Amino acid sequence: MDFFEVINNRKTTNGPFDPRPISKEHQRILMESASRAPSHFNSQPWRFILIEDAKKRAAIADLAGRSMEKLIADGLFFERYRPYFRFSEKELEERGDGIHFDQLPGPLKPFAKQIMSPTGVEIMRRMGVPKMLGRDNRDLVAGSPLIMGVMLDKAEYIPGKLSGFYSIFGMGAAMENIWLTTHALGMGIQFISTPMEIPENWQQMIALLGVPDNLELMAVYRLGYVKEAQRRPSIDWSSRHRKRLSQYVFRDSCDTPESDDL
Ligand SMILES: Cc1cc2nc3c(=O)[nH]c(=O)nc-3n(C[C@H](O)[C@H](O)[C@H](O)COP(=O)(O)O)c2cc1C
């Protein structure tokens, strides 16, 4: 596959995966791609855990679903992420960032903008939206043949120290390698982020994965082979929109935005 084709078409997979297990060969390629990433002094501070065991995947799915339900019911989700939601194509085009919020259940559509207010949260609660989104999330995770946790070695990952920053930087590069590789292998990947948002649920995740004291669990993902037709999910985390060059590149001084026609 052409390198730039992979870069340009990498994306977040929102929908269900094909339930086929990921071949061991592909799992090895993913892990070796991660290890090719740069790291400070070649320290390779990342560690990965691959989970195929059906019972463990079901337990993680249950935790993700419960976390999503609670985040929506308590209004925390929209409170935290309000700045990233765009309500029209026009807003998306102008800003070039964020994700489009247009997939609400039918009866809620007229209230899209109010959905982030306490009244909106109350309406959603009455309509059973938290339960529905929780169930969706649980099913997506349970139906994913591979779950992956990424951890950092605490000898390197020391928050507040330069090596802590470097470790996160290196992990980001390793994760991007994995992300690009999934695309080249006909696979997809998505964050399972909801348990991380609730400290006691994150502790449960750490226990489920048997993370030892010398490692910090940083993120959990679901992976699988992609299906052809994808139904757009209730919350669409993927976006093809990007800022224009003049919105994020400067020339010679930060006073001078680069031209969009570079
Ligand atoms: C640090 C980080 C956190 C993210 N958190 C989530 C998340 O919680 N759930 C999710 O589905 N996607 C998550 N994403 C994916 C982004 O939503 C996605 O990359 C962005 O909307 C652009 O879409 P694309 O990946 O399809 O190009 C995250 C990405 C990064 C780098």
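Predicted model: local features only at pLDDT ≥ 70, side-chain atom pairs only at ≥ 80, totals over all residues.
**A walk through the strands and one glycine**

Strand β6 (residues 187–191) and β7 pair in the antiparallel sense, with five bridges between them. Two strands count as paired here if DSSP finds at least two bridges between them.

Residues are numbered from 1 along each chain as its sequence is written, and side-chain values use heavy atoms, with hydrogens and water left out.

Now step back to the whole chain. It holds ten helices and nine strands; helices (H or I, at least four residues) and strands (E, at least two) are DSSP runs, numbered from the N terminus. The radius of gyration is 20 Å, close to the 18 Å that the globule rule gives for 262 residues, so the chain is as compact as a globular protein of that length. That radius is taken over C-alpha atoms, and the rule is 2.2 Å times the number of residues to the power 0.38. Along the principal axes, the C-alpha atoms fill a box of roughly 55 × 55 × 40 Å. Of the 262 residues, 42% count as buried, where buried means under 20% relative accessible area, exposed over 50%, and partly exposed in between (1.4 Å probe, protein chains only). Among contacts with a separation of 6 or more, 75% join residues 24 or more positions apart; a contact means heavy atoms within 4.5 Å.

Let us return to β7, which spans residues 215–226. Ten of its twelve residues are buried. Strand β1 (residues 17–18) pairs with β7 over two bridges, again antiparallel, and here phenylalanine 17 stands opposite valine 226. Strand β5 is another antiparallel partner of β7, joined to it by eight bridges. Follow isoleucine 147 across and you reach arginine 222 in β7, while leucine 152 stands opposite glutamate 216.

Strand β5 (residues 146–153) deserves a look of its own, since eight of its eight residues are buried. In a regular strand the side chains alternate between the two faces of the sheet. In β5, Leu146, Met148, Val150 and Leu152 point one way, Ile147, Gly149, Met151 and Asp153 point the other way, and all are buried.

Finally, turn to a loop. Glycine 98 sits between α5 (89–95) and β4 (99–100). Is this glycine buried or partly exposed? Its relative accessibility is 22%, so glycine 98 counts as partly exposed. Leaving out residues up to four places away in sequence, glycine 98 touches Tyr84, Arg86, Leu92 and Ser239. Serine 238 lies 140 residues from glycine 98 in sequence, yet the two are 9.3 Å apart in space, C-alpha to C-alpha.
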